[in-house]
Amino acid sequence: MNAKILFYRQDELDQNTKFRLRRELLGLEQKSNFGGYNYKIKGFLDKIPHYRPVKSTIIIRNEDVNKTKAILSKYGTKLEIFNIEIPKNKLKK
């Protein structure tokens, strides 16, 4: 299966921007009432098939590149994208 691998850098971003980026991209586990309630706020990657081998690296389908690129560039990350071949069963939601 043809896919894209995205490498992004966020080391020049301040902490608030990094947090907003992670929340929009990866989601967030929220706790309330002193840990009595736990719930997950879904991020963009929860909605599409993807594979994250290491931090700041995402492997996604070709169809999802523009949406992911728009999110990453909105927060000012440095981004590199390459074409790769990957087995279809590696990508998961």
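A contact means heavy atoms within 4.5 Å. Of the contacts in this protein with a separation of 6 or more, 63% join residues 24 or more positions apart.

The model is predicted: local features need pLDDT of at least 70, side-chain atom pairs count only at pLDDT 80 or more, and totals for chains, interfaces and linings use all residues. Residues are numbered from 1 along each chain as its sequence is written, and side-chain values use heavy atoms, with hydrogens and water left out.

Now follow the chain. The protein has 2 helices and 6 strands. Their pattern along the sequence is β-α-β-β-β-β-α-β. Both kinds of element are DSSP runs, numbered from the N terminus: helices are H or I with at least four residues, strands are E with at least two. The C-alpha atoms fill a box of roughly 45 × 30 × 20 Å along the principal axes.

Next, the surface. The protein has 93 residues, and 33% of them count as buried (under 20% relative accessible area, with a 1.4 Å probe and protein chains only).

What about charge? The protein carries 21 positive and 10 negative side chains. Lys and Arg count as positive, Asp and Glu as negative; His and the chain ends are not counted. The centres of the two sets lie 4 Å apart, with each charge placed at NZ of Lys, CZ of Arg, CG of Asp or CD of Glu.

Methods: Buried < 20%, exposed > 50% of the residue type's maximum accessible area, 1.4 Å probe, protein only.
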